[in-house]
Structures are given as C-alpha cells and as structure tokens.
Amino acid sequence: MKISTEIGSAAQLVGEEKAVEYVAKAGFDAWDFSMFDMCGYDWRKKVLVPSDHPLASVDYLKFARKLKQIGLDNGIVCNQSHAPFPSIPPMRPFLKRAIECTAEAGGKICIIHPDNDKSAEENAEMYFDLLPFAKECGVKIATENMWNWNEKTEEACFAACATSESFLEHLNAVNDSSFVACLDIGHAEMRGVGSGAVNMIRALGPHLQALHIHDTDKIHDSHQIPFSMAIDFQSIVAALKEIHYQGYFTLEASYYLENYPKDEVLKGVKELAKSARKLAEMFEQEI
C-alpha cells in the first residue's frame, strides 16, 4: 500500500517546492496537491478574496509543472489534489483551474467539496458542469463527506455526504465512472454527524478511490497525526481491506505541523510518514 500526504501545511512554513521535497525525503510515495491558496474566501463577508499565490497567476500551469518535476527528481509522484473551497458558483473557474493543475502535476483525482447545504441533485449540477473538462484532462473528480456545526449541542451535524445514504445519493445522482468518493476519516468519526468510517467504507465499496486520513477527538475536526487521538484505525483499516481498497493512504493531518519551527518541518513530516507507513503495514498484514 502506497502512502501520500497533503503538502499545504508544510507549504505554509517552507513553501510548496520545499514541501514536496520534504515529503519525498520523509519516505512518502506521493504528494497531495493542496490548492487552497489559489483563491481566498472571506467566510464572514461570504466573498472571494484575490490571492497573490502562484496558482492564482497566469503562470499557474508552470508552477504545477515545477512541483511535478521536483517530485519526480526526488522519486515521488502527485497522486491527488484538493481544490479550493467553498464550492459556490463564483468559485467555479478556480475549480476548473484546480482540475487543470492536477493533470499538469500528474495527479489522477481532484477532490472537490460538495456544497454542505445543497441536495445531491443540486450538487450534481456543479459536478455535471465540471466533469467534461475533467475527462478532457484525464482526471477523476472525488466528492467528500462534509459536516456542519450545531452551536446548541456543540457537536457536528448533517451536511452533504455526511452519511452513507447521502454519499451514495450524490454518487448515484451523477452516475459517472469519473466521479468517485474520497472518504475523510476524521469527518466520518465526528460525533453527531454521520455513519462512522467503517460503515461508510463498506457502503461506498468500489466508489471509494481516495482518502483523507487524520485523527480527531471525535468531537472536533482536529486533523491530527494518526494514532494520537481517539479514532480506532485498526477497524477502519480492516474495513478498507474488506472492500479491497486500491487507492493511496493519503494523510490530511493538516494541523499537525502548526507548532513546528521552520527548521524542524522535515522532522514533523517524517513523523507523519511513520504513522502513514504503520497504517499501510496494518493493511498489508492479516488483521
């Protein structure tokens, strides 16, 4: 089983170029192309915010090619990507740009969030708009299980794809082999939101072609290194083995590096790789 990790958290500290290099040096097989800085979003004012990131410039494809080459020079590939969000109509041009950058970097799957509060049919309209372009680029689109927050109960609550039933409704509404599932393990395990990761893995079956793996306290969206909090990864890995999962084990422990100084980021990425390799070994062994 091959392992991968998002580069966004390391890039915040050392830049994308060095992040890809560190992911390779740490022992990962691939890197997940984080594109959140392609376009900013002001959640309070609910408006897009211009970005000065290279992915927002006219040379965005050149930047994607540069990262791909850094990876190849260090013996790893881009396996998947994460488009910017939220997936609202004004963001649509950036979602297409994310698909284009995924292809340019060599990635095969681009994760594009559904709109949390839209129905499967409403979200399908967005995916129908994006899929022809994705197919031209040779990239699959993956939707992801989401969550909302209930202020009264102080726990997560329903959002698009949060339950097995909602996830399957979204997949069936599009009904296209180029539209697949990315299961966020941490989201699935948050109290009050959904079906639990094991149940969702079994329900999704062959639709499940990508993962976002991180640990949580099962209340908050903690995005921490696996085996550090409350999630039972043994049962989750066993369920993945049960459905013959064939994708990468991709980490999205995006808050883990927050307390690392710049000169120790590689050390932190190595710890992430160690946890991912432990998951891969669990998968490869008889559980």
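Reply: His 82 stands opposite Ile 111 in E6. Two strands meet here: strand E5 (residues 77-82) and strand E6 (residues 109-111) run parallel and are joined by 3 bridges. Strands (E, at least two residues) and helices (H or I, at least four) are DSSP runs, numbered from the N terminus. Two strands pair if DSSP finds at least two bridges between them.

The model is predicted: local features need pLDDT of at least 70, side-chain atom pairs count only at pLDDT 80 or more, and totals for chains, interfaces and linings use all residues. Residues are numbered from 1 along each chain as its sequence is written, and side-chain values use heavy atoms, with hydrogens and water left out.

Now step back to the sheet. E5 and E6 belong to an open sheet of 8 strands, in the order E11-E10-E7-E6-E5-E2-E1-E12, with parallel pairing. At its edges are strand E11 (208-212) and strand E12 (249-251), each of which pairs on one side only. Direction ignored, neighbouring strands are turned by 30° against each other on average. H4 packs on this sheet and touches strand E2 (30-34), E5, E6 and strand E7 (140-144); its direction makes about 145° with that of E6. Such angles run from 0 to 180 degrees between N-to-C directions, with axes fitted to C-alpha atoms, for helices over the stretch in contact.

Go from E5 to E2. These two strands pair in the parallel sense over 5 bridges. Ala 30 stands opposite Val 77 in E5. On E2's other pairing, strand E1 (residues 3-6) and E2 also run in the parallel sense, over 3 bridges. There, Ser 4 stands opposite Ala 30. E2 is mostly covered, with 5 of its 5 residues buried (under 20% relative accessible area; exposed is over 50%, partly exposed in between; 1.4 Å probe, protein chains only). Both faces are covered: Ala 30, Asp 32 and Ser 34 are buried on one side, Trp 31 and Phe 33 on the other.

Now take E7 and beyond. E7 runs parallel to strand E10 (residues 179-184). They are joined by 4 bridges. The bridge partner of Thr 143 in E10 is Ala 181. Another 4 bridges join E10 to E11, again parallel. Cys 182 has Ala 210 of E11 as its bridge partner. E10 is mostly covered too: 6 of its 6 residues are buried. Phe 179, Ala 181 and Leu 183 are buried on one face, and Val 180, Cys 182 and Asp 184 on the other.

Thr 102 lies in helix H4 (residues 92-105). Its relative accessible area is 0%, so Thr 102 is buried. What does it touch? Leaving aside neighbours within four places in sequence, Thr 102 is in contact (heavy atoms within 4.5 Å) with Met 35, Ser 81, Gly 107, Lys 108, Ile 109, Cys 110 and Val 139.

Most residues other than glycine have a negative phi, and most peptide bonds are trans. Between E5 and H4, the loop holds Pro 86. A cis peptide bond joins Phe 85 and Pro 86, with omega about 10°. Cys 161 sits in the loop between strand E9 (155-157) and helix H6 (164-174). Its phi is positive, near 65°, and Cys 161 is buried, at 0% relative accessible area. His 244 lies in the loop between H9 and E12. Its phi is also positive, about 60°. His 244 counts as exposed, at 61% relative accessibility.

Last, the spaces. The largest pocket holds about 740 Å³. It is lined by 28 residues; Trp 43, Phe 85, His 113, Asn 116 and Met 146 lie nearest its centre. Phe 85 also takes part in the cis bond.

On a 1 Å grid over the protein atoms alone, a cavity is a set of points where a 1.4 Å probe fits but cannot get out; a pocket is an open set with protein on both sides within 12 Å along at least five of seven lines; lining residues have an atom within 4 Å of a point. Points join across faces, edges and corners, and a volume is the space filled by probe spheres set on them.
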